[in-house]
Amino acid sequence: MNKEISSKLINKIRENKPLIHNITNIVVANFTANGLLALGAKPVMASAPEEVAEMTKAANALVLNMGTLNREHLKAMINSGKAANEKGIPVVVDPVGVGATQFRTESAQQLLREVKVNFIRGNAAEIANLIGQAWEIRGVETGKSGGNIIDLARFAAQKLQATVIVTGKEDTITDGATTFLVRNGHPLLTKVTGTGCLLSAVIGAFASVGGVSLQAAVAALTTYGIAAEIAAAKTAELGPGSFQIEFINQLALISPTQIEQNSQFERL
Amino acid sequence: MNKEISSKLINKIRENKPLIHNITNIVVANFTANGLLALGAKPVMASAPEEVAEMTKAANALVLNMGTLNREHLKAMINSGKAANEKGIPVVVDPVGVGATQFRTESAQQLLREVKVNFIRGNAAEIANLIGQAWEIRGVETGKSGGNIIDLARFAAQKLQATVIVTGKEDTITDGATTFLVRNGHPLLTKVTGTGCLLSAVIGAFASVGGVSLQAAVAALTTYGIAAEIAAAKTAELGPGSFQIEFINQLALISPTQIEQNSQFERL
Amino acid sequence: MNKEISSKLINKIRENKPLIHNITNIVVANFTANGLLALGAKPVMASAPEEVAEMTKAANALVLNMGTLNREHLKAMINSGKAANEKGIPVVVDPVGVGATQFRTESAQQLLREVKVNFIRGNAAEIANLIGQAWEIRGVETGKSGGNIIDLARFAAQKLQATVIVTGKEDTITDGATTFLVRNGHPLLTKVTGTGCLLSAVIGAFASVGGVSLQAAVAALTTYGIAAEIAAAKTAELGPGSFQIEFINQLALISPTQIEQNSQFERL
């Protein structure tokens, strides 16, 4: 993979304005929609079980986020996921807080059984819990562990037959065979709610124009991380409120050249 | 209509602080509440079918937004709408994404059958779909069409017996007999989620002090558009995050003089 | 109580990063999460009745907000509250809009019967309605009254067996026996939606590290009010959008010294 792929994909998002159908939670819905708009994509947030399949059929990618999951939303996610599979558009799952409660863990497992999922993005604890490995989790935040995250990601990708993205200090992206590490990003992202959720939606946007591929995920993560780095450089002394706003600005302003010059990734 | 009507109405909102009851969606609820507060109105967001009628009875206008509609919300909207009709306060409907799914289209039609609606604000595709005309729609975003928007708006207003506001590059406001065009606004509004939804709520605020009239809608749209123009002039180079914040600022700061001097509307 | 308690508690929040479980409403969920993150705490927002008890068991405080209450959320609040009582973590209730509808009033009363609540924060009208006193309420906003707020707060604390915090121009904090007045804060807080709701969550954060005590509540209110004062000094001419962002910044930046030097409270 070369760095021009990322800049080609961001241009394609801005030209094509792909429609990204999100079934997401009350905490991050607004931030996700504004982030996707800034990037150049179009968000839609329908979540009623009666209509989601029809909405998904009009979309270019589907992003399922389990942040404030309930039974109605789970039903909607399964309906939408099946519609996405029929249409052949990319499906991203963000298993927020899986492992924190039995309901979340079982719901995630049911979703993965009934829907063919292309990308799963979470922190190490969420991914571990998804495949039944013990890993400390606290609320929807990751715990610490001595485990080897790259091994975890590869094993999860093989078991779940999906591209797995484990985000943290550095990000691991793997389909089980090929693995990339991405080193872009900034710690201020952890001080703003929904930055992981929006990243999952951004992966959906890149996949909608770049196909189900490791490259699309690497492009999404480097672009996102670089936007955060630029925003942090401008606002780090001001605080997380200002960073959040500047990060949305940078998702709109980031140029293909900035992406090519600042991408930090490595194929293992 | 003269330009002083708008400035009189904004003063009246700031003095009376009308209570605007919104049944709205998870994406825009926060932005809508902050926009109404900035303008000088008071928002309330109750949506449980058990309580909405009672809440509406305490309000000065009702705004029904179909953004993340579900069956419970539809029931609540009908209960609230009937209470608003009994009390005689203005009812605004924002038929977000109507035409995108059968559920939305049928729900909107049911709502319009059971509730007397005074204002309907949407893009051209939503308004067309509401009256059963084919018009390309993509998610909750408008498609393009060669159709004549003014004719569409007039026909819809006559058929739906309501004041119809079709927003786009320029905005059409008509009760089927008299028609105004408003030319205020800024393209950056399309880069922030919920700006159409907040506009519908602002129409409710102006109607709560100005009555069910074309004038109230024209005043709402010019005020809103001018606030966007001022905000864009201050932030266009910074990005949509900064614009969103500055737009809220300007809804609070905009003066009657600014409104009178910058209003761009025409009676056809 | 001396001023160093507040600065000790803010340090403890930043070190321990307590997990605050919020069952809250669609309007303020994002702002609440970002405010808690800025302060140094960790938010979690699960609200499905099936999982909330398990999530609460992992948390350090529980905050129940009735802003957009429905039957499912009420069930979840009761489940969570019982789990919090079993575990012995602080429970904060924010009875948003109680008195505005029968459903809210009855739901709040049921919640207080079934759950042992440690802190109740509301405006004067909400607190009055909670104990069956007539007090003008308009939507979720407080009305005016000639009533004596300090007497109201004391009587409510005795009747409800909880620490009652009545916020307004000055804030009253009482367990029925001992009473504090806090005079920090800024009127711009009333121009941003959810500032009362976030304050309730911040009381939860302070109580999670400072125990169920008047001191924890006083520390929360002075810290919050001082952050608002600093933010207002920086943004008052810009408008409520800028204030909202700067307030989040200041929750992250506020130093123990600033808190000690600017606390304005009095024991009656």
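The model is predicted. In this model, 30 residues of chain B are in contact with 29 residues of chain C. Within chain A, helix 1 and helix 9 are roughly perpendicular to each other.

- Two salt bridges are found across the interface of chain B and chain C.
- Glu50(B) forms a salt bridge with Arg71(C), with the closest N and O atoms 2.9 Å apart.
- Ten residue pairs, both residues at pLDDT 80 or more, are in polar contact between chain B and chain C.

**The side of chain B that touches chain C**

- Helix 2 (29–39), strand 2 (42–44), helix 3 (52–57) and helix 10 (240–253) of chain B are the elements that give two or more residues to this side.
- Helix 2 of chain B gives the most, with six residues.
- By class, this side of chain B has 17 nonpolar, eight polar and five charged residues.

**Helix 1 and helix 9 of chain A**

- The axes of helix 1 (residues 4–16) and helix 9 (residues 214–235) of chain A come within 9 Å and cross at roughly 85°.
- An angle from 65 to 115 degrees counts as roughly perpendicular, so helix 1 and helix 9 of chain A are roughly perpendicular to each other.
- Helix 1 of chain A makes the contact through Ile5(A), Ser6(A), Leu9(A) and Ile10(A), and helix 9 of chain A through Gln215(A), Ala216(A), Ala219(A), Thr222(A) and Thr223(A).
- The residues of this contact divide into five nonpolar, four polar and no charged.

Conventions
Residues are numbered from 1 along each chain as its sequence is written. Chains are lettered from A and ligands numbered from 1 in the order in which they are written. This is a predicted model: local features need pLDDT of at least 70, side-chain atom pairs count only at pLDDT 80 or more; totals for chains, interfaces and linings use all residues. Side-chain values use heavy atoms; hydrogens and water are left out. Contact means heavy atoms within 4.5 Å. A salt bridge is a side-chain nitrogen of Lys or Arg within 4 Å of a carboxyl oxygen of Asp or Glu. A polar contact is a pair of N or O atoms within 3.5 Å; within protein, one must be able to donate a hydrogen and the other to accept it, and residues adjacent in sequence count only if both atoms are side-chain atoms. Helices (H or I, at least four residues) and strands (E, at least two) are DSSP runs, numbered from the N terminus. Ala, Val, Leu, Ile, Met, Phe, Trp, Tyr, Cys and Pro count as nonpolar, Asp, Glu, Lys and Arg as charged, and the others, Gly among them, as polar. Axes are lines fitted to C-alpha atoms, for helices over the stretch in contact, and angles run from 0 to 180 degrees between N-to-C directions. Angles under 35 degrees count as roughly parallel, over 145 as roughly antiparallel, 65 to 115 as roughly perpendicular and the rest as oblique.
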